[in-house]
There are 6 protein chains.
Amino acid sequence: MKNKIITFGEIMLRLSPENNERFTQCHEFEAVYGGGEANTAVSLANFGVDCGFVTKLPEHSIGQSAVNSLRQYGVDISNIVRGGDQIGIYFLEKKTSQRPTNVIYNRSGSAIALAEESDFDWDKIFKDATWFHFSGITPAISDNMAKITLAACKAAKEKGLTISCDLNYRSKLWSSEKANKVMSELCPYVDICIANEDDAVGIFSMDASKSDKEKNAYIAEELTKRFPFKMVASVWRTETSITTFKLQSMIYTEGKAYYSKEYFMNILDYIGAGDAYCAGIIYSIINNFDPQKTVEFANAASCLKHTVSGDFNLVTVDEVMKLAFSASGNEVSR
Amino acid sequence: MKNKIITFGEIMLRLSPENNERFTQCHEFEAVYGGGEANTAVSLANFGVDCGFVTKLPEHSIGQSAVNSLRQYGVDISNIVRGGDQIGIYFLEKKTSQRPTNVIYNRSGSAIALAEESDFDWDKIFKDATWFHFSGITPAISDNMAKITLAACKAAKEKGLTISCDLNYRSKLWSSEKANKVMSELCPYVDICIANEDDAVGIFSMDASKSDKEKNAYIAEELTKRFPFKMVASVWRTETSITTFKLQSMIYTEGKAYYSKEYFMNILDYIGAGDAYCAGIIYSIINNFDPQKTVEFANAASCLKHTVSGDFNLVTVDEVMKLAFSASGNEVSR
Amino acid sequence: MKNKIITFGEIMLRLSPENNERFTQCHEFEAVYGGGEANTAVSLANFGVDCGFVTKLPEHSIGQSAVNSLRQYGVDISNIVRGGDQIGIYFLEKKTSQRPTNVIYNRSGSAIALAEESDFDWDKIFKDATWFHFSGITPAISDNMAKITLAACKAAKEKGLTISCDLNYRSKLWSSEKANKVMSELCPYVDICIANEDDAVGIFSMDASKSDKEKNAYIAEELTKRFPFKMVASVWRTETSITTFKLQSMIYTEGKAYYSKEYFMNILDYIGAGDAYCAGIIYSIINNFDPQKTVEFANAASCLKHTVSGDFNLVTVDEVMKLAFSASGNEVSR
Amino acid sequence: MKNKIITFGEIMLRLSPENNERFTQCHEFEAVYGGGEANTAVSLANFGVDCGFVTKLPEHSIGQSAVNSLRQYGVDISNIVRGGDQIGIYFLEKKTSQRPTNVIYNRSGSAIALAEESDFDWDKIFKDATWFHFSGITPAISDNMAKITLAACKAAKEKGLTISCDLNYRSKLWSSEKANKVMSELCPYVDICIANEDDAVGIFSMDASKSDKEKNAYIAEELTKRFPFKMVASVWRTETSITTFKLQSMIYTEGKAYYSKEYFMNILDYIGAGDAYCAGIIYSIINNFDPQKTVEFANAASCLKHTVSGDFNLVTVDEVMKLAFSASGNEVSR
Amino acid sequence: MKNKIITFGEIMLRLSPENNERFTQCHEFEAVYGGGEANTAVSLANFGVDCGFVTKLPEHSIGQSAVNSLRQYGVDISNIVRGGDQIGIYFLEKKTSQRPTNVIYNRSGSAIALAEESDFDWDKIFKDATWFHFSGITPAISDNMAKITLAACKAAKEKGLTISCDLNYRSKLWSSEKANKVMSELCPYVDICIANEDDAVGIFSMDASKSDKEKNAYIAEELTKRFPFKMVASVWRTETSITTFKLQSMIYTEGKAYYSKEYFMNILDYIGAGDAYCAGIIYSIINNFDPQKTVEFANAASCLKHTVSGDFNLVTVDEVMKLAFSASGNEVSR
Amino acid sequence: MKNKIITFGEIMLRLSPENNERFTQCHEFEAVYGGGEANTAVSLANFGVDCGFVTKLPEHSIGQSAVNSLRQYGVDISNIVRGGDQIGIYFLEKKTSQRPTNVIYNRSGSAIALAEESDFDWDKIFKDATWFHFSGITPAISDNMAKITLAACKAAKEKGLTISCDLNYRSKLWSSEKANKVMSELCPYVDICIANEDDAVGIFSMDASKSDKEKNAYIAEELTKRFPFKMVASVWRTETSITTFKLQSMIYTEGKAYYSKEYFMNILDYIGAGDAYCAGIIYSIINNFDPQKTVEFANAASCLKHTVSGDFNLVTVDEVMKLAFSASGNEVSR
Ligand SMILES: [Ca+2]
Ligand SMILES: [Ca+2]
Ligand SMILES: [Ca+2]
Ligand SMILES: [Ca+2]
Ligand SMILES: [Ca+2]
Ligand SMILES: [Ca+2]
Ligand SMILES: [Ca+2]
Ligand SMILES: [Ca+2]
Ligand SMILES: [Ca+2]
Ligand SMILES: [Ca+2]
Ligand SMILES: [Ca+2]
Ligand SMILES: [Ca+2]
Ligand code: NI
Ligand code: NI
Ligand code: NI
Ligand code: NI
Ligand code: NI
Ligand code: NI
Ligand code: NI
Ligand code: NI
Ligand code: NI
Ligand code: NI
Ligand code: NI
Ligand code: NI
Ligand code: NI
Ligand code: NI
Ligand code: NI
Ligand code: NI
Ligand code: NI
Ligand code: NI
């Protein structure tokens with residue numbers, strides 16, 4: 001049976017100054033489109049997987065540009081609902097040495113935030129689909145979106161799709177209390193959970209310091225106690241110097257934790273690495289990789305995302321494989 | 001007594017593709033800030049007039065950038081209220097031969113649209129002020145803003161300020177019915193009205209074709225019948241070929257119409273020409289220009305705005321004077 | 001029956017200096033992708049028509065970028081053959097007043113120029129298709145391509161597709177003699193011929209000056225004498241001043257010529273206007289427009305192409321309709 | 001009593017190639033404005049301090065642009081004298097790994113270099129002022145400027161202002177002998193001296209290697225022996241690898257040295273870090289920070305300047321405080 | 001005998017905002033190099049003529065970039081003296097509809113303005129040379145430069161070179177009185193004079209309105225009465241609408257005036273057209289064109305300069321010939 | 001006797017996305033020209049050495065731009081043959097952390113690849129020349145080019161020129177077998193061989209691991225056993241972290257290896273470092289540097305190349321000397 005992945009969420013216009021400028025000195029913005037679940041969809045499409053993204057976007061030509069940004073990489077956009085007046089926007093000031101990333105949202109009032117349950121016909125959307133993916137951002141967008149996400153989960157479960165969720169806690173979008181309440185309703189439908197310590201703390205008030213276990217393994221274990229997750233996957237980035245970060249991943253499945261090797265990275269773009277990781281996990285599972293290969297593949301996919309500007313992970317399976325599993329270096333080939 | 005002008009309205013982030021690109025092909029936006037009353041304030045400041053702009057903007061650094069864009073040209077920003085979450089945005093696709101200008105608004109939900117009456121202390125704002133200017137866009141932003149504008153007019157009138165209003169009808173912001181109702185309440189406070197045929201048709205359903213008079217004079221006369229305007233001023237742009245437009249102005253005062261000469265222009269930027277005209281009218285009146293000099297100065301100011309990219313009219317009094325009243329051409333001076 | 005259009009030809013990387021610079025002073029190139037039949041496909045896709053483009057492109061990521069440039073606007077790229085080493089490139093120096101457009105080709109040795117007949121399975125390509133479009137550039141690319149185009153015509157005819165051909169004579173690609181020989185073999189398969197005077201002179205040595213008839217009508221009549229064309233369509237651009245051109249079109253069908261109105265244009269991009277015209281003709285026919293509506297629609301589509309930078313006509317049916325048939329001007333709508 | 005800081009010096013047009021290009025390959029320059037004392041003024045204005053900058057600039061619109069660059073960040077520009085013909089310019093080629101920064105001055109003949117004593121009315125300038133700041137660059141500009149700076153110091157002292165001076169030795173502007181002579185006349189007026197080892201060596205031929213003390217403390221002690229400084233403050237940058245520098249500061253007051261923590265930085269812009277440090281010192285003193293808090297605040301301010309392109313330190317007090325005193329990292333907040 | 005042309009003057013760094021921006025809104029400058037005599041040298045080199053440019057430039061890498069800008073087009077730079085500290089700079093704000101060109105000079109204090117007579121060894125410079133060209137800007141730069149130019153003329157005359165001079169009056173550089181005095185000393189050495197009405201009025205107070213003759217012919221006749229010119233050549237540009245200018249030329253030789261045809265141009269760059277005209281005149285004479293061919297060639301060369309951004313005329317002899325003498329239009333060749 | 005160096009090979013148009021973008025997201029290319037032997041020529045010209053580059057380029061203006069790119073830095077281009085239709089192109093995607101450099105060639109069919117032996121008159125080319133340099137890329141371009149290179153070597157040897165060759169193995173251009181065969185014919189003519197381990201493995205299947213000697217010394221020794229090389233020089237780059245590389249060089253002459261110091265670099269541009277090294281070796285030899293000074297100079301030249309974008313090493317002898325032999329750091333000089 002052919003795999004068909006559906007991801008659901010918001011795609012925004014991302015505006016960032018060139019050359020690490022600050023907002024207060026910039027006079028033009030680099031414009032790309034992105035958002036957690038859209039990013040995962042593009043990454044999967046770049047891996048050659050049949051993948052569709054579902055959202056609601058205005059009919060005007062900025063909305064169309066968001067659609068085209070997905071279509072250019074082969075994402076199926078036939079289930080994007082068109083309507084509403086505004087597109088969500090986020091402004092991004094890039095981290096520069098001691099100066100941290102600054103994100104300013106301009107997304108309340110977007111078409112998807114104001115979407116209604118009746119906008120989405122999940123029977124039609126899930127026709128031929130085998131997998132449903134969303135992140136914790138989607139139900140956080142609005143009360144309606146929380147309801148719609150629940151409806152999507154129910155429909156997906158009914159149709160026998162695998163469901164994956166990146167917990168992706170965003171404190172600027174909702175409180176821990178609200179996140180706890182909503183995510184606790186959604187998680188029972190989820191098969192594959194992507195979560196890291198911040199998510200577990202923010203949503204479920206878990207405290208990894210209580211245990212002697214490695215933090216991510218502890219959290220994964222706790223999560224599987226609460227919810228019927230078949231797998232919990234984590235990726236984490238540690239600052240090792242002002243110019244380098246270390247990236248490592250873990251997957252926890254059938255009571256066992258598998259750890260990837262570490263990458264020491266110099267980061268071009270800090271956004272979307274978790275979304276690329278989700279795509280790596282999904283790709284691995286639908287291709288029946290064993291747990292160790294899965295965690296290496298997803299970790300390498302996430303590592304490469306850090307080298308690509310914009311939200312989208314524009315890399316091929318070959319490139320991920322070469323980084324993850326090939327001894328050969330990264331010299332100029334000519 | 002020293003003149004101090006206060007203008008009130010919304011300043012937005014304006015995003016436009018470079019090089020006449022369409023939205024669906026652009027990947028970066030030129031970013032400037034602008035809006036009717038802000039534009040008028042900047043133009044007056046560039047004329048050396050003491051001028052303040054009043055609005056509400058978020059505290060974040062995009063809001064700060066809007067503030068700075070005004071401050072750089074010398075506008076007094078001390079009465080800008082800071083608060084709210086979002087800044088209004090408009091996307092601008094530039095007219096290119098047969099392809100018309102395309103404006104997409106992303107302004108509902110902006111700080112000023114959600115502003116409360118209590119945000120503005122008109123006693124403090126109008127301290128030392130001699131003139132209050134707004135346009136029909138300001139009360140169109142939201143019901144609250146209509147109320148706030150009325151409160152501002154009342155306070156201004158009480159304090160003896162001259163009040164000017166550019167009718168500036170925007171069909172994307174409100175219906176003719178609503179505009180008629182709100183503007184009919186505001187106009188009794190207005191001394192100087194800037195209006196053109198579109199405004200008169202859109203708001204007051206006037207029909208210049210009923211009369212044999214020149215259209216702008218007819219409308220001015222009709223407006224002065226309804227409201228206690230001391231002057232009605234109009235500027236209009238006529239397409240004379242695909243690359244040239246003709247600009248002309250009229251002012252109507254004490255029952256008489258005065259017409260400016262015409263300029264045949266090649267237009268660099270279509271936005272803000274009316275706002276620059278308002279600044280020209282205000283500058284002329286506070287400098288006691290006679291009606292003919294007034295209409296020539298304001299018309300030349302508006303003409304030069306068409307040569308400056310962005311919303312703001314970055315020209316000096318000397319430059320306007322030279323265009324309006326000097327025989328010498330525009331050869332390279334070197 | 002749902003329409004499905006297939007176009008066939010070469011898509012190249014187009015490199016042009018910014019800001020009307022000359023090649024000898026430029027240090028960066030604007031990069032877009034384009035080519036006659038690809039341009040027609042994109043225009044049709046932007047009109048909402050199901051349309052596929054067929055070519056051969058290298059597997060490398062420049063080849064992929066050409067694919068993505070089509071996919072982003074919704075062109076079906078599933079029948080693009082991947083292989084070969086090089087992509088065709090053309091350098092474009094833009095016309096600037098008295099300085100003419102300069103095109104330098106770097107396309108010999110491209111994947112499509114070296115393509116083999118066995119690369120294309122026309123049975124599969126034409127499955128569900130209703131229309132086949134190519135231009136005179138396609139058989140001019142190489143001897144193999146002339147053979148492949150003939151095979152495509154035969155297969156299309158056999159399957160009952162409508163066939164359209166833009167004669168598009170390119171003296172830099174082949175001689176009049178060779179063009180005459182090859183096109184004379186292809187034209188018998190063609191139903192709808194797009195041709196202008198230069199094409200008729202270059203390929204068939206027709207001489208409109210021999211007749212008293214309007215030139216385009218004369219040529220159309222002559223062409224229909226030689227070939228079983230159901231329609232001949234022409235569009236022509238006349239320099240009316242150093243900044244303006246006049247655009248007009250004619251279609252000739254069932255022995256009668258229909259002329260469009262004229263547009264006086266200021267041109268942003270000189271390339272692809274004929275290809276946009278072809279898309280206008282095809283769209284009109286599959287929507288059963290009458291001849292006069294057809295010529296107006298196609299002429300307006302071609303006019304708007306002149307306002308869009310790049311090879312592709314990024315306009316919607318609504319925009320073409322508004323220009324062609326609506327009285328309202330092109331003022332800022334806001 | 002409200003603080004009002006006055007800084008005095010030259011503001012230049014800074015021209016630098018994009019993307020670390022060399023002068024011999026660049027074709028466009030990023031244009032910003034900057035200069036030691038102007039930079040300090042902007043940084044203080046960004047900290048919310050009332051601050052004015054004094055200089056002389058031509059009336060033309062490049063001069064006006066320099067004025068506007070200050071005004072946009074809220075610096076009081078009402079005491080800038082307008083006149084003269086030229087603006088000082090400096091060309092900046094950015095350090096790139098082993099290739100050092102290259103600065104080319106084009107500033108002799110600037111309006112401020114040719115300024116006369118009569119250009120500045122210090123009574124008027126210092127009205128309401130509480131603090132006067134200049135650097136060793138100001139008297140180095142020309143003989144006239146040395147005299148004018150002395151006049152300013154005398155007037156400031158008479159009016160009871162606190163006076164700070166960044167020694168800022170520039171070997172391209174004057175010899176050690178001349179610097180020694182002039183600075184020895186000015187330093188007796190100075191309360192707060194900012195100085196590092198290079199300055200002490202260049203101007204006063206001090207030799208820190210003679211002593212066992214930490215170099216900066218030694219120099220501070222020596223300076224306080226010669227001049228009646230209440231505080232000497234230093235900041236120094238040490239190359240720790242080809243991509244990282246270490247930044248640390250010291251203040252010496254009442255016979256005691258206080259050291260800040262160290263920052264390991266990746267540098268975006270090498271210019272203006274000392275000027276930002278001066279602003280940090282001034283801000284700390286007028287806010288009555290204790291010596292340890294002062295040195296940490298000023299050091300963090302200087303650290304953040306390295307992350308901002310251009311001469312100006314575009315950071316807020318909150319941002320400096322967060323870096324200097326908050327445990328939380330610099331993760332994306334969203 | 002092979003022709004070798006020497007031109008002498010100042011080459012400056014030209015800084016202009018992109019996209020018709022004003023100085024007060026621009027944040028980056030397009031950087032090219034240019035100056036009257038350098039422009040003429042580059043144009044001649046592009047025509048394939050052996051041509052050297054003489055000036056003085058600093059040794060630093062901005063000076064080197066000016067040298068390289070000439071060398072890249074094949075100008076002989078072996079006689080450029082290196083020394084001094086500053087390069088001349090001019091800021092250029094481009095004419096935009098009613099807004100005139102604005103030039104701000106930053107050239108006093110440049111290496112060439114401060115050059116000494118001993119910097120130039122005319123015997124060496126004129127070795128193998130056949131022609132010496134300068135313009136009225138060169139002696140206007142400084143008193144020393146007036147002396148040096150006279151020395152050059154004497155040396156050239158002694159060696160039998162043809163001498164051409166473009167009067168090129170610049171009111172920003174010197175008064176009419178001074179120009180008259182200096183140019184009256186230089187003109188007796190000149191064989192070929194390029195002059196238009198502004199030059200004749202500015203330097204020699206000629207008044208063409210006194211005569212019934214065509215203005216340029218009148219001036220040429222008057223000039224030949226005063227000085228031993230073998231030819232006087234003029235080019236003039238007339239504004240015919242806000243978007244178009246008319247260009248026409250005249251040469252007067254042996255008592256007779258020859259007029260070129262007219263070009264109606266849309267202008268990309270207003271600078272250097274006179275310098276390109278000089279190159280056209282010199283090229284024509286050394287190739288023994290008859291007067292009518294000379295005036296057409298030079299006029300067409302000047303016309304094409306208006307289509308090239310920057311000071312330099314980057315066109316070939318073929319391109320000039322095609323415009324001047326070929327019937328064929330300027331359609332896309334492909 | 002004055003040195004005159006001739007280098008021979010292909011110069012290509014290099015197209016690379018800005019800002020570390022991937023090909024699949026870029027919309028404009030930075031355009032420079034480069035190629036191994038051209039790069040060496042430019043570097044030598046920047047060192048003040050008389051140097052000519054020989055190749056074949058089309059007559060069109062892209063070909064001319066390649067010529068101008070060399071001429072601007074003073075390379076003698078009088079022996080470049082003009083003809084053919086296409087210029088070689090290479091696309092460059094820059095290495096970004098774990099993502100490796102990606103080079104796509106579009107060079108088959110270039111003028112030089114199709115050049116004939118008769119295109120080059122080596123007697124004329126080598127007139128006054130003292131040194132001939134080429135790299136292993138030149139004979140790899142085509143069979144003809146292998147023959148032409150051999151002819152050049154024979155002519156050079158006959159005329160007594162010193163011959164240097166950078167083995168520069170390129171697996172994308174030819175197989176090891178073919179490289180072995182061709183290079184074995186050419187090497188007997190070579191005096192100075194530049195080679196690193198990859199070259200020795202790729203062309204001569206040498207295996208440094210067989211020996212206990214330092215790898216580069218082993219290879220140099222082996223090469224001198226096979227061929228009459230007077231010197232073998234190597235430079236190698238080792239990744240020391242994701243942001244830093246170590247650069248070191250060795251020269252082997254008269255049976256002895258000399259090693260340079262190491263540089264730890266952060267790399268701006270990965271291309272052309274070997275070519276810059278060759279220029280450093282040649283410069284050292286013609287200036288009679290001793291072996292240790294030679295290896296330090298060439299290593300420092302190569303190090304600086306990593307800091308310059310584009311293929312060319314735009315540094316002076318002074319800059320190389322300062323890095324190689326001066327203790328002083330790389331602080332801002334001002
Ligand atoms: Ca995300
Ligand atoms: Ca996440
Ligand atoms: Ca407006
Ligand atoms: Ca208006
Ligand atoms: Ca085409
Ligand atoms: Ca055509
Ligand atoms: Ca400084
Ligand atoms: Ca300092
Ligand atoms: Ca000139
Ligand atoms: Ca002139
Ligand atoms: Ca190379
Ligand atoms: Ca190599
Ligand atoms: Ni800009
Ligand atoms: Ni910019
Ligand atoms: Ni960009
Ligand atoms: Ni794009
Ligand atoms: Ni820009
Ligand atoms: Ni560039
Ligand atoms: Ni661009
Ligand atoms: Ni550029
Ligand atoms: Ni260049
Ligand atoms: Ni550029
Ligand atoms: Ni820029
Ligand atoms: Ni910029
Ligand atoms: Ni700015
Ligand atoms: Ni540019
Ligand atoms: Ni870009
Ligand atoms: Ni672009
Ligand atoms: Ni761009
Ligand atoms: Ni660029």
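**Nickel sites and a strand pair**

The model is predicted, so local features need pLDDT of at least 70 and side-chain atom pairs count only at pLDDT 80 or more, while totals for chains, interfaces and linings use all residues. Residues are numbered from 1 along each chain as its sequence is written, chains are lettered from A and ligands numbered from 1 in the order written, and side-chain values use heavy atoms, without hydrogens and water.

**Nickel ion (ligand 23)**
- Glu30(D) (OE) and Glu28(E) (OE) coordinate this ion at 2.3 to 2.8 Å (donors are N, O and S atoms within 2.8 Å of the metal, or 3.2 Å for Na, K and Ca; water is not among the atoms, so sites may look incomplete).
- The pair joins two chains, because Glu30(D) lies in strand 3 (residues 28–34) of chain D and Glu28(E) in strand 3 (residues 28–34) of chain E (strands are DSSP E runs of at least two residues, numbered from the N terminus).
- Glu28(E) also coordinates the nickel ion (ligand 14), 3.5 Å from ligand 23.

**Nickel ion (ligand 14)**
- Its protein donors are His27(A) (NE2), Glu28(A) (OE), His27(E) (NE2) and Glu28(E) (OE), at 2.2 to 2.6 Å.
- His27(A) is buried at 15% relative accessible area, and Glu28(A) is buried at 7%.
- His27(E) bridges ligand 14 and the nickel ion (ligand 13), which are 3.0 Å apart.

**Chain F strands**
- Strand 1 (residues 5–8) pairs with strand 4 in the parallel sense over 4 bridges (pairing takes at least two DSSP bridges).
- Phe8(F) has Val54(F) as its bridge partner in strand 4.

Terms used: Buried < 20%, exposed > 50% of the residue type's maximum accessible area, 1.4 Å probe, protein only.
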